[in-house]
Amino acid sequence: IKQKRNRKKEVFIRQEYDYGDRCEYDFGEVKLVIGGIAGKYHLAVIGSPASNHRWAYLYTNQKKEVFLDSHVRYFQLRGGVPKEMVYDNMKNVVHRFIGKNEKELNTDLLKMALYYGFEINVTNCFSGNEKGYVENSVKELRKEIFAKRYRFENLEDARAFLEKELIRINKDSSVDEERPFMIPAKPPLDLAVYTRNKVNKYSFIRVDNNFYSVPEHLVGHRVDVKRYVSKILVYAGGHLVAEHKKVDGFGQMQVEILHYLDTFERKPGALKNAKALKSKEALKTIYDSYFSTKPKQFIALLREHAQEDYEQLVKTMETAGKNPVAYENSSEAEMEDNIFRNTKAQLQLVTSLYATGGD
């Protein structure tokens, strides 16, 4: 025991970095109550020891897409790229170990480093002190931000709160002084995962075991899908035909009621219990209050105002429901013109789809 106690102690060498030389990366876990449900969330944290600047973004997991997305967000925010990024041996960085010391790095990280021009530095195993600045930053941010407030209505509110608190925490950093010494930032790297998906009979595509609606005329065809961390973009014939917020979980659905207007016109009785209507709570309330006996009128209104954003569409539908006489006396020519323009746009999409020889 005496020999073990008296063995030579490890010596740590204090480091000092110049502007633009180095940033350190790490993940931290926080427990939040979002929408009344307690859960674990993940902070992607990047710190610059030279400028004493700390940045973080809140995610629901630590997958590769999240890991890469956090880099793009950080470089875009800073307007520059450090000469070196430092990581521990997380699986998003090290694909596999070869022997005791050799490491095969993740190919996606290598591609990103090649695009932005930074060097990759991976610490030794069980040596958190080699990126001590970001290790401490994770603890500080968790304590300074989410110890004060941990209840939020939704994830967007939590992210907005985090962004506001980061501005306060970084007020004394020399982030502006460091920017000229960094590698000039390139346009944000597109991190989309491309797939080609077939539209099922419900006019859904399946992405990561969840379902997203597309316009009904695409049933039976294949569409091009770009999957990002937070959104899904769907293309047909080279045109963007649907955009959805990406959902987590299994068997979840993102449905847009405007994708089914032709079918609802043929089957107005299906509207009452349709998932497409129930997924839009405000529209469902308006339908139940004013249009439960007039589904065709509800569908015609949706088609007429399909180009409006959702908030404006809700206001329009509610106004029409409260003032049915004014709606009935509105210009029929104007309504027909709006419907004609929307129908023409849909026909152009169908024509381009077949012209490209899509499945």
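Here are my entries, going from the whole chain to single side chains.

**Entry 1: the overall picture.** First a reminder to myself: this is a predicted model. I looked up the secondary structure and found 13 helices and 17 strands in the protein chain. Of its 359 residues, 42% are buried. I then checked the contacts between residues at least 6 apart in sequence, and 61% of them join residues at least 24 apart.

**Entry 2: the cores.** Which residues have the most contacts inside the largest nonpolar core? I noted Tyr-25, Phe-67, Met-85, Tyr-87, Val-93 and Phe-118, in a core of 26 residues. Strands E1 (23-34), E2 (37-48), E3 (53-59) and E5 (84-87) each give two or more residues to this core, as do helices H2 (64-78) and H3 (107-116). H2 supplies the largest share, 6 residues. I also found a second, separate core of 24 residues, with Ile-257, Tyr-287, Phe-298 and Leu-313 among them.

Leaving out residues up to four places away in sequence, Tyr-87 touches a list of residues including Tyr-25, Phe-67, Val-93 and Phe-118. His-71, Asn-121, Thr-123 and Lys-131 are also on that list.

**Entry 3: helix H3.** Which residues of H3 are buried? I got Leu-109, Met-112, Ala-113 and Tyr-116. They span an arc of only 100 degrees around the axis, so they sit on the same side of H3. Lys-111 and Leu-114 are exposed, on the face turned away from that buried side. I looked up what covers the buried residues, and the cover includes H2, E5 and the strands E4 (80-81), E8 (119-122) and E10 (183-184).

Then I checked both ends. At the start of H3, a side-chain oxygen of Asn-106 comes to within 2.8 Å of the backbone nitrogen of Asp-108. After H3 comes Gly-117, with a positive phi near 90 degrees.

**Entry 4: rings.** I counted 19 aromatic pairs in the structure. Phe-146 and Phe-152 make an edge-to-face pair, at 6.1 Å centre to centre with 80 degrees between the planes. Both Phe-146 and Phe-152 are buried. Phe-146 also pairs with Phe-161: the centres are 6.4 Å apart and the planes are at 55 degrees, so this pair is tilted. Phe-146 belongs to helix H4 (residues 132-146) and Phe-161 to helix H5 (residues 155-169), so the pair ties together parts 15 residues apart in sequence. Phe-161 is buried too.

Elsewhere, one aromatic cluster is formed by Trp-55, Tyr-57, Tyr-59, Tyr-74, Phe-75, Tyr-115, Tyr-116 and Phe-118.

The charged end of Arg-149 sits over the ring of Phe-161, 5.1 Å from its centre. Lys-280 lies over the face of Tyr-310, at 5.2 Å from the ring centre.

**Entry 5: a lysine to finish.** Is Lys-226 buried or exposed? I found this residue in strand E14 (residues 222-227). Lys-226 has a relative accessible area of 14%, so it counts as buried. Its side chain and that of Asp-190 are joined by a polar contact of 3.4 Å. Beyond its neighbours within four places in sequence, the contacts of Lys-226 include Ala-192, Val-193, Tyr-194 and Ile-232.

How values were computed: Residues numbered from 1 in each chain as written. Predicted model: local features only at pLDDT ≥ 70, side-chain atom pairs only at ≥ 80, totals over all residues. Heavy atoms only, no water. Core = buried A, V, L, I, M, F, W, Y, C linked by side-chain atoms within 4.5 Å. Buried < 20%, exposed > 50% of the residue type's maximum accessible area, 1.4 Å probe, protein only. Helix = DSSP H or I, 4+ residues; strand = E, 2+ residues; numbered from the N terminus. Contact = heavy atoms within 4.5 Å. Arc of directions from axis to C-beta. Polar contact = N/O pair within 3.5 Å; in protein donor to acceptor, adjacent residues only side chain to side chain. Phe/Tyr/Trp six-rings, centres within 6.5 Å; stacked < 30°, edge-to-face > 60°. Lys NZ or Arg CZ within 6 Å of the ring centre and 35° of its normal.
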